[in-house]
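Subject: Structure handover

Hi,

Here is the structure we talked about. Please open it and follow along with the notes below.

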Amino acid sequence: MKKLGLLLALFSFKLCLGQEPVQYVNTLMGTDSAFELSNGNTYPAIALPWGMNFWTPQTAKMGDGWTYNYDDYKIRGIKQTHQPSPWLNDYAAFSLMAVTGDLQYKEDERASWFSHKAEIATPHYYSVYLAEYDVKVEVAPTVRGAHFQFTFPKADSSYILLDAFLKGSMVKIIPEERKIIGYARNNHGGVPDNFHNYFVAEFDKNFQITHTWGDEWTLDLGATEKEGQHVGAIVGFKTEKGEKVNVKVASSFISFEQAQRNLDNELAGKSFKDIKEEAEAIWNKELGRIEIEDDNIDHKRTFYSSLYRVLLFPRKFYEIDGNNEVVHYSPYNGEILPGYMFTDNGFWDTFRAVFPFFNLMYPEMNKQFMAGLANTYKESGWLPEWASPGHRDVMIGSNSAPIIADAFLKGNVYDEDVDVLYEAILKNANIEEGRPESSVGREGLNFYNKLGYVPYDVGINENAARTLEYAYADWTIAKFAEKRGDKKTSRRFYEQAKNYKNLFDSETNLMRGKNKDGKFQKPFNPLKWGDAFTEGNSLHYTWSVFHDVQGLVNLMGGEKEFTTMLDTVFSMPPDFDDSYYGFTIHEIREMQIVNMGNYAHGNQPIQHMIYLYNYAGESWKAQEKIREVLTRLYSPNPDGYSGDEDNGQTSAWYVFSSLGFYPVTPGTDQYVFGSPLFQKAKLHLENGNVFTISAEDNSGSNFYINSVKLNGKEYHKTYLSLKDILPGGEIKFKMSDSPNKSFGQHDNALPYSMSPKK
């Protein structure tokens with residue numbers, strides 16, 4: 001009855017929308033990427049939202065972070081993947097592959113030609129034709145497993161291979177149970193010594209042949225068990241033309257027993273069609289929380305493809321035990337413990353829009369994420385900043401604080417986790433010693449707390465970027481403390497939130513590295529990437545004063561000077577200095593080629609910048625440039641992003657911005673206006689209310705906001721508040737082909753800043 005009710009609800013939704021939202025998703029968006037140039041650096045994840053295990057076709061060699069490239073023409077297998085980024089690479093991966101005829105099992109030799117013309121790639125279903133073997137492979141996912149369906153030709157020798165990958169693996173074939181079990185230990189760090197991914201694969205056909213291979217691809221004919229650095233299993237049988245062989249696979253980070261339990265819980269007693277339909281229904285339910293009405297089908301495809309990416313990470317790293325309790329293997333201490341755990345997320349990216357999106361559309365899910373952060377702190381003594389699956393030494397900042405504070409301020413933290421999380425963010429801001437990685441906590445904290453900035457000349461790279469991010473994190477801590485009634489702590493961190501001013505150079509109107517003696521570093525080239533900054537230059541990081549844009553306006557000498565500086569970023573050529581890296585990194589190249597001056601939308605530090613025009617009385621410029629980015633730098637194609645997608649962040653920018661607003665300052669309840677892309681969008685909120693966004697006369701040329709009405713009343717602010725959205729209602733934008741330069745001119749129309757306007 002539950003399934004019938006869900007399907008009826010989805011049928012009703014389809015009638016309303018015209019097409020189910022999952023059918024707009026192109027999981028290949030962003031897959032036309034390489035080390036030298038990223039158009040997303042994505043892979044087609046066959047998965048459920050926040051699933052513990054993803055699956056993806058593998059065109060690259062084992063261990064290559066660019067696991068699937070759109071321009072490749074051979075597939076080596078379908079692998080279980082946990083990769084959040086090619087730069088972090090994968091862990092706990094293994095793969096399945098089908099071959100016929102002469103046995104080919106080594107990864108280069110078994111690779112089969114394929115064509116996108118015979119490939120179907122959706123979130124809930126993947127199908128590909130292996131031309132070398134005349135085999136069709138289909139996959140449908142569950143949270144912790146998948147159902148494979150192989151359609152074979154008539155053959156005396158048909159095989160399914162399970163490659164358990166390198167860096168430690170084991171396989172055991174159990175013919176009487178038509179089963180393969182084993183484990184994979186491959187990883188790139190961030191795991192305890194006892195780390196294993198235990199898997200079980202159940203077949204619906206008896207094995208006539210069993211082989212294994214050991215290290216160095218050594219084939220062991222007739223063997224059923226193998227353990228080593230890189231092992232695999234082969235099962236074979238005769239097949240008739242069109243015969244389907246089904247394989248149900250699940251895994252666990254806890255034990256073989258738990259892997260079997262995960263399979264039984266999610267796959268037992270269900271057909272391939274059942275799993276596929278259930279996965280499709282789940283995706284339609286989640287994607288359908290935002291209902292888009294528009295005539296431009298490509299914009300809808302880009303929207304739902306982006307929303308799909310937002311809903312993939314962070315991944316569930318917990319399982320359901322025999323008592324139906326939530327438990328997890330801790331990637332921090334190696335123990336089996338109760339409670340939630342999530343992983344595969346870089347907060348340097350996702351604090352900006354992904355977690356604010358969860359706070360708006362998935363508040364209950366965000367409570368679980370926060371519970372997982374509390375458990376991370378209990379198990380490792382620190383909050384994660386980049387987890388995959390445990391602490392990784394990647395990126396900078398203290399961005400767990402904005403994520404936690406924003407959730408707490410919006411009521412999205414379980415009561416039992418509040419004290420733990422408050423203690424955790426204060427530890428980050430008070431203690432530098434004992435951190436497991438330099439990316440955890442705050443590198444340079446003792447200098448920062450003493451001088452008010454991280455110095456340029458003390459051997460700490462990206463020091464100016466760290467200072468700016470710490471100052472914003474301090475503001476979010478102050479907000480957290482204030483709501484808790486901790487006045488002393490609140491006063492301290494509000495004061496520290498002003499530390500961004502210590503790096504402002506009034507001669508250039510830019511942020512600049514500063515030496516320990518208080519003098520700015522020399523020579524200074526605002527076009528130099530890296531060095532004092534992170535994957536950007538001073539022109540990009542100067543705007544990283546999320547909490548006090550008015551304070552930055554004041555420092556620059558007023559609104560005219562501020563907007564002139566904003567304009568300059570777009571009007572100048574895409575010049576750069578890459579000497580810090582010694583070569584032109586892909587982020588630089590992605591800025592250079594899109595013809596938007598020095599605006600680098602392909603990387604995160606500058607993605608909020610365009611919205612800052614609203615803070616200086618020139619909202620129309622934000623509307624103009626936001627629409628340009630939406631329509632020129634995104635598309636539902638393999639080259640559909642202008643840089644790394646990064647755990648949903650670049651997609652979340654699109655999702656928010658296409659709706660017409662963006663959370664410039666997580667920690668406030670405000671969403672700053674841009675230019676709504678769609679004729680109408682409905683937000684189906686978790687509380688049951690519906691908030692409608694409509695844009696009258698919207699078109700490719702009508703991208704300026706002429707006027708706004710909220711629930712039928714004239715509205716003059718340049719932002720929307722959460723309290724305006726949650727009760728439901730409607731905001732109506734009247735669009736025009738010419739700017740209304742009087743819109744947003746009043747002081748009370750400006751979004752929040754810590755400093756008052758001078």
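H18 passes H19 in a left-handed crossing: the near helix is turned anticlockwise from the far one by less than a right angle, while clockwise would be right-handed. This is a predicted model, where local features need pLDDT of at least 70, side-chain atom pairs count only at pLDDT 80 or more, and totals for chains, interfaces and linings use all residues. Residues are numbered from 1 along each chain as its sequence is written, and side-chain values use heavy atoms, without hydrogens and water.

Helices (H or I, at least four residues) and strands (E, at least two) are DSSP runs, numbered from the N terminus.

H18 covers residues 619–632 and H19 covers residues 649–659. They pack at an angle of about 125 degrees, with axes 10 Å apart. Axes are lines fitted to C-alpha atoms, for helices over the stretch in contact, and angles run from 0 to 180 degrees between N-to-C directions. That angle makes H18 oblique to H19. Oblique is what remains after roughly parallel (under 35 degrees), roughly antiparallel (over 145) and roughly perpendicular (65 to 115).

Now the sheet. It is open, with seven strands in the order E1-E3-E4-E10-E17-E14-E15 and antiparallel pairing. Strands pair if DSSP finds at least two bridges between them. Strand E1 (54–58) and strand E15 (218–221) are the edges, each pairing on one side only. The twist averages 20 degrees from one strand to the next.

Look at E3 (residues 77–81) and E4 (residues 94–100). They pair in the antiparallel sense over three bridges. Gln-80 has Phe-94 in E4 as its bridge partner.

Best wishes
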